[in-house]
Amino acid sequence: MNRLLLAFSALLLLVTINSCGVDDSDKPEPTGDLEITIVNHVDGKDLVLDEMIYKNEAGNDYSVTRWQYYLSNFEFKGEKCGDDTPEASYHLISVIDEPNLGGLFEKTTIIMDVASGCYDRIAFHVGVDDERRKNGPYQGDLSSIWNMAWDWSGDYIFMKFEGDFKEDSGDESRAIYHLAGPELYKRIELDFAEDLVIAGGETTKITIYADIDELFKNPNTIDFNKEAGTMQAGSPLANKLGENYANMFSLAKD
Amino acid sequence: MKNLTTITALFLFTCFLLVSSCDGDGGDDDPKKDTTVYDYELTQAFKDIDPVFDNQPEDNVATNEGVELGRHLFYDPRLSKNNTISCASCHKQEMAFTDGERFSLGFNGERTARNSMAIANMRWHGLFFWDGRAPTLEEQVLMPIQDPVEMGMTLEEVEDKLKDIDIYPDMFESAFGSKEITSDRVSKALSQFVRSIMSQGSKYDQIYGLPDSRIKNIFTDEEYLGFTLFKTHIDPDYGAGINKPGTANRGANCGDCHHTALLTNNLFTSNGLDSITKDEGYGPISGKEKYDGTFKTPTLRNIELTAPYMHDGRFQTLEEVLDHYDQHVQDHPNLDIQIAEAGNIYPGRLDLTNKEKNAIIAFLKTLTDYDLIENPKYSNPFDE
């Protein structure tokens, strides 16, 4: 009887190990999961939609009503352990009021497979590269159902800011910046204060801060009274805002 | 030996549990016994839509039996107080599930407050009705039945009435496993049928997602010009002076709001019909001022068949609709920003030529889906 129980236990153990298809536990995993949380700020403050509580570099009081942008094609650089470039991926970051999705809808987390190793820099792109824009497929975050495309063949808005501001006259008016165009696909590189270590089979978490106020600040200060909007790929105003991307992102809270 | 049998049985049962626990599907949405999951036969364009927008709930996955019951309920005038009005009275298949009326006729001769909306591809729509007052399709389908103008019933009356109609107890049993008739089951079956109504067989569906070079081979020159204008967004601030008639860089901005395989952005916006609105639409429903005077962007699928147009059916023809967007957009405080800020001339006027307007209408007619209006699976079962 004891032997039977022992046999049963041994079989049970075997089944437990095999049942979920994870049977190579003694081999080191070549990759780990990296979970990136994007924290969207406005001049260091939390992003709250529809509240006229922010002031930009030009002195305009403003609110944010819709905020979306694409981050894509991440790279991980390491002097000591080598580089890793995970396969091309496209992530739409959204903080929007979307009645169809039950009101406030936030999608601010990116999860990807990264090779085990140690990295001192992370790089990514704002926007969608020409290759994918021209050839698709246009699925998931790239589906035009997200209202980030001007048509269904890859004419993407890379970054969409919509808000209200107080005009010099005191009236409220809208500030609308839909940024697009091949020259606005830009690479951002950030240094880690301490190496990012990815251990095989484990999940590592990091935070990237995106400050919306920087979009209107440096090197091009935007006065909403004078330049209240653009919705055209490659327009001069879109290009000016594109130059401000680079200062928007950081790995530490300001 | 008995012990061995017991242990073997225990072992096998444990294995079963372990294997079951890893299949990842949860198990709650398994189709009921003896039902067959309904095949939507989706084209790639619909498969590509981000699943976050799919509104089919796990506890009401469409089955052939549920859809068939729903079709009977949809076409049955006995769901109204005096047996005169069915869902299909205002949603006629031959008119892409609209009724051709400005305001629809209810069971006692009164008229509804708004225009009957087309039904197609509702599985990816968010809020329902022009004013978005129904958050789910399951809730939406019961509202016209209880509306005092439309069908004038209570849910108890519906349940009692259906119990006494010979075909229904058996059909409820096929769909839901027992003969019990509840308003929840009525809602589920009607939703299943409404979701099953797919429009994906138009000429537009043939070109969807193709490169322009191949679209040119399928569309006529006029349709292709209309398609190009339809999807091209023009910013007059940037384009001033270069968007004149006859130049290549012209647009009508339609695709800003009417896009994807759904041909709607599913948002609530003002399209500038009036500068001062009496019907505030989604505003009071949402409780937000920014939505006052806004309505759900309707799909343009089968638009040729769904006149009159707008939430109040004020336009009889597509020509009138285009004239509105071309010259007569009113400056409502919540006017959609993409209409306000975009046009071939500043401020925000399209100024299309007659040739361009005709081309856009030719393109709009490529959205007509003859399979939708002829397919027997969406037709009246009581006529068979």
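This is a predicted model: local features need pLDDT of at least 70, side-chain atom pairs count only at pLDDT 80 or more; totals for chains, interfaces and linings use all residues.
How many salt bridges are there between domain 1 of chain B and domain 2 of chain B? The count is one.

In chain B, domain 1 covers residues 44-198, while domain 2 takes in 204-371. Their C-alpha centres sit 29 Å apart. Where the two domains touch, 27 residues from domain 1 of chain B meet 25 residues from domain 2 of chain B. Together they bury about 2200 Å², and carbon and sulfur atoms account for 61% of that. Three residues stand out here: Arg102(B), His125(B) and Trp130(B) provide 26% of the area that domain 1 of chain B buries against domain 2 of chain B, which is more than any other three residues.

Now for the polar side of things. A salt bridge joins Arg114(B) and Asp279(B), with 2.8 Å separating the closest N and O atoms. Seven residue pairs are in polar contact between domain 1 of chain B and domain 2 of chain B, counting pairs with both residues at pLDDT 80 or more. Sorted by class, the side of domain 1 of chain B that touches domain 2 of chain B is made up of 14 nonpolar, seven polar and six charged residues.

Next come the rings. Over all chains, a search of the whole structure turns up 37 aromatic pairs. Take Phe74(B) and Tyr75(B): their ring centres are 5.3 Å apart and their planes meet at 70 degrees, so this pair counts as edge-to-face. Phe74(B) and Tyr75(B) are both buried. Over in chain A, ring pairs link up a cluster whose members include Tyr54(A), Tyr62(A), Trp67(A), Tyr69(A), Phe74(A) and Phe124(A). Also in that cluster are Phe161(A), Phe165(A), Tyr177(A), Phe216(A), Phe224(A) and Phe249(A).

Conventions: Residues are numbered from 1 along each chain as its sequence is written. Chains are lettered from A and ligands numbered from 1 in the order in which they are written. Side-chain values use heavy atoms; hydrogens and water are left out. Domain bounds come from an automatic or database domain assignment. Contact means heavy atoms within 4.5 Å. Buried area is the accessible area (1.4 Å probe) that two parts lose on being put together, summed over both. A salt bridge is a side-chain nitrogen of Lys or Arg within 4 Å of a carboxyl oxygen of Asp or Glu. A polar contact is a pair of N or O atoms within 3.5 Å; within protein, one must be able to donate a hydrogen and the other to accept it, and residues adjacent in sequence count only if both atoms are side-chain atoms. Ala, Val, Leu, Ile, Met, Phe, Trp, Tyr, Cys and Pro count as nonpolar, Asp, Glu, Lys and Arg as charged, and the others, Gly among them, as polar. Rings of Phe, Tyr and Trp (its six-membered ring) pair if their centres lie within 6.5 Å; planes under 30 degrees apart count as stacked, over 60 as edge-to-face and the rest as tilted. Buried means under 20% relative accessible area, exposed over 50%, partly exposed in between (1.4 Å probe, protein chains only).
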